[in-house]
Amino acid sequence: MNSFNDIFNQYDWEQTKRSIYAKSSDDVLKALSAGKRTLEDFKALLSPAAAPFLEQMAQVSQELTLKRFGKVIQMYVPLYLSNECNNICTYCGFSLDNKMRRKTLSPIEIMQEVAVLKDMGFEHVLLVTGEANQTVNVDYFKKVLDLIHPHFAHISMEVQPLDLEEYMSLKPYGLNTVLVYQETYHQEDYKKHHPKGKKSNFKYRLETPDRLGQAGIHRIGLGVLIGLEDWRTDSFFTALHLDYLEKRYWQSKYSLSFPRLRPHSGGMEPKVEMNDRELVQLICAYRLFNQELELSISTRESPKFRNHIVKLGITAMSAGSKTNPGGYAVEPGSLEQFEISDERSPDEIARIIQMQGYQPIWKDWDSCLA
Ligand code: SF4
């Protein structure tokens, strides 16, 4: 076996979807009482049949999370470096066909942004860019990492998929975590949503976590964009991917996010709606399936939802986020990638976490641990 693609090709989307929707209450009860839960159990917990069991799922999810992680929520913040992008993605404000002014932050501008984030108390930063290989490439990333490494304990990246050697070359610069969302595992619809640019190569993206594992990246983040396709089927394939990666690249840790499609400039409507109860069900299903997994919730979600989810299985939260390059200090008015929903300050979020008896953790990693 060379990569996850070999496993992925053994599955059929429609057949998988049918098997999730065919799960019964008995399957859910079996999954709830299982010691070590299988992918079939995960399907049951994801299925419509599990909806009436949400209370029980939430209780188990809370217990498992407390046992493994304690009463803590890790705090992080995105730093958008560039909105240049050579891809067309139907759901994104930075898409090449969206006529807008493009900007990539200079070293001076990056440090202006960093000063604001440090004032807010952040030690974990997530660097985000579009995909513009001529300007925002490995050389640019090395310069940025060099610049900000002394200021943050944990550096994550969500940029274009890179080659194995490129990931390996970024590690010594202080890169800890890489997030790469497949967006959807529905191969035909993936093509519709990514008609132009390097991102239209489904297989290259699908095999990116393999390259990250081979490069020995400390933490690998997976996920899909909820709203593009049937979320239950997409989540099953995410879990299948995770299961494969954990067995093969056991030295790395794994995290998951649950981005729901948000409004953006030139926006598209979600094909599939997921309500708040369903998102809670999904989070709990992942926790019951995997107790080691870090589960993260961003400011895409509403304040009400984020307040309620603190105790139910998640381990990380962003706060005070801006989704435009320069959004914190340099150019607060520039066009965002998408609208955020929770606009409360990091201090406010920290207070809400504390009010629930949990501790917000600003520093969750140190390079001496690498
Ligand atoms: S999702 Fe990423 S790759 Fe696609 S248009 Fe937006 S920034 Fe570019």
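**Strand pairing, a buried helix and the ligand shell**

Strands β1 (residues 72–80) and β2 run parallel and are joined by 4 bridges. The description refers throughout to a predicted model. Within this pairing, L79 stands opposite L127 of β2. Between the two strands the chain passes through helix α6 (residues 107–120), and this β-α-β crossover from β1 to β2 is right-handed. On its other pairing, β2 is joined to strand β3 (residues 154–158) by 5 bridges, and these strands also run parallel. V125 has I155 as its bridge partner in β3. The path from β2 to β3 leads through helix α7 (residues 138–148), and this β-α-β crossover is right-handed.

Strand β2 spans residues 124–128 and is mostly covered, with 5 of its 5 residues buried. The side chains are divided between two directions: H124, L126 and V128 point one way from the strand, while V125 and L127 point the other way. Residues of both sets are buried.

Helix α4 (residues 39–46) is largely enclosed by the rest of the structure, because 7 of its 8 residues are buried. The buried positions are L39, D41, F42, K43, A44, L45 and L46.

Y185 is located in the loop between β4 (177–179) and α9 (187–193). Its relative accessible area is 2%, so Y185 is buried. When neighbours within four places in sequence are left aside, Y185 is in contact with F4, F8, W13, F202, L206, V224, D234, F237, T238 and H241. With H241 there is also a polar contact between the two side chains, at 2.8 Å. By contrast, Y185 and E84 are 25 Å apart in space, C-alpha to C-alpha, and 101 residues apart in sequence.

The ligand is surrounded by C85, N87, C89, Y91, C92, F94, S95, G130, E131, K199 and Q337. By class, this shell consists of 5 nonpolar, 4 polar and 2 charged residues. Among the residues around the ligand are E131 and K199.

Note on methods: Residues are numbered from 1 along each chain as its sequence is written. This is a predicted model: local features need pLDDT of at least 70, side-chain atom pairs count only at pLDDT 80 or more; totals for chains, interfaces and linings use all residues. Side-chain values use heavy atoms; hydrogens and water are left out. A residue is near a molecule or strand if one of its heavy atoms lies within 4 Å of it. Ala, Val, Leu, Ile, Met, Phe, Trp, Tyr, Cys and Pro count as nonpolar, Asp, Glu, Lys and Arg as charged, and the others, Gly among them, as polar. Buried means under 20% relative accessible area, exposed over 50%, partly exposed in between (1.4 Å probe, protein chains only). Two strands pair if DSSP finds at least two bridges between them. A crossover is right-handed if, with the strands pointing away from the viewer, the path from the first strand over the helix to the second runs clockwise. Contact means heavy atoms within 4.5 Å. A polar contact is a pair of N or O atoms within 3.5 Å; within protein, one must be able to donate a hydrogen and the other to accept it, and residues adjacent in sequence count only if both atoms are side-chain atoms.
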